[in-house]
Amino acid sequence: MISWADFEKIDIRSGTILEVNDFPAARKPAYQLKIDFGPLGIRQSSAQVTHHYAKEALMGRQVLAVVNFPPKQIANFFSECLILGVYDENNQVILLQPDREVANGQRVG
């Protein structure tokens with residue numbers, strides 16, 4: 001069990017995907033994403049979501065992401081946030097998103 005104080009350390013924010021690119025250097029199939037987090041700015045992320053999502057379907061989509069992890073190098077790319085999703089029965093990611101449009105940068109709590 002974690003405490004409420006532990007949960008509050010995780011900064012989960014809403015953002016809108018602005019750009020989606022193939023990521024051929026990744027070990028597992030992935031996209032490189034640029035996401036607008038409003039006042040927090042634009043951050044990039046690597047996301048292994050190619051099974052369920054075409055690039056075109058991700059453009060303009062709102063997502064939830066952890067924004068307070070340190071950058072992580074994946075091949076020649078630095079991921080600056082962690083997009084959140086649920087694993088399906090085949091261990092493929094299904095993205096989490098707000099059920100209504102919200103402002104970019106809104107905090108989950």
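This is a predicted model: local features need pLDDT of at least 70, side-chain atom pairs count only at pLDDT 80 or more; totals for chains, interfaces and linings use all residues.

Me: Where is Ala75 in the chain?
Reply: You'll find Ala75 in the loop between β5 (72–74) and β6 (77–79). Its backbone has a positive phi of about 55 degrees, although Ala75 is not a glycine.

Me: And what about the phi of Asn91?
Reply: Asn91 has a positive phi too, at about 65 degrees, and it isn't a glycine. Asn91 sits in the loop between β8 (85–87) and β9 (93–95).

Me: Is Asn91 buried or exposed?
Reply: Asn91 is exposed, because its relative accessibility is 53% and the cut-off for that word is over 50%.

Me: OK, new topic: the inside. How many residues are in the largest nonpolar core?
Reply: There are 17 residues in that core. Among those with the most contacts inside it are Ile17, Leu33, Ile35 and Ile83. At least two core residues come from each of β1 (12–22), β2 (31–36), β4 (62–66) and β9.

Me: Which strand gives the most to this core?
Reply: That would be β2, with 3 residues.

Me: Why do nonpolar side chains gather like that?
Reply: As a general rule, in soluble globular proteins nonpolar side chains tend to be buried together.

Me: Back to Ile83. What is Ile83 in contact with?
Reply: Setting aside neighbours within four places in sequence, Ile83 is in contact with Leu33, Ile35, Ser45, Val63, Leu64, Ala65 and Leu95.

Me: Now the sheet. What is the order of the 5 strands?
Reply: The order is β3-β2-β1-β4-β7, in an open sheet with antiparallel pairing. At the edges are β3 (42–47) and β7 (82–83), and each of these pairs on one side only.

Me: How many bridges join β2 to β3?
Reply: 6 bridges join these antiparallel strands.

Me: Last one: which residues make the nonpolar surface patch?
Reply: Val86, Ile94 and Leu96 make that patch, which covers about 220 Å². Ile94 belongs to strand β9, and Ile94 is called partly exposed because its relative accessible area is 37%.

Conventions
Residues are numbered from 1 along each chain as its sequence is written. Side-chain values use heavy atoms; hydrogens and water are left out. Helices (H or I, at least four residues) and strands (E, at least two) are DSSP runs, numbered from the N terminus. Buried means under 20% relative accessible area, exposed over 50%, partly exposed in between (1.4 Å probe, protein chains only). A nonpolar core is a set of buried Ala, Val, Leu, Ile, Met, Phe, Trp, Tyr and Cys residues joined through side-chain atoms within 4.5 Å. Contact means heavy atoms within 4.5 Å. Two strands pair if DSSP finds at least two bridges between them. Patches are made of residues with over 30% relative accessible area and no salt bridge: like charges are joined within 9 Å, nonpolar side chains (Val, Leu, Ile, Met, Phe, Trp, Tyr) within 5 Å. Accessible areas come from the Shrake-Rupley method with a 1.4 Å probe; for residues, only the protein chains shown count as cover. A salt bridge is a side-chain nitrogen of Lys or Arg within 4 Å of a carboxyl oxygen of Asp or Glu.
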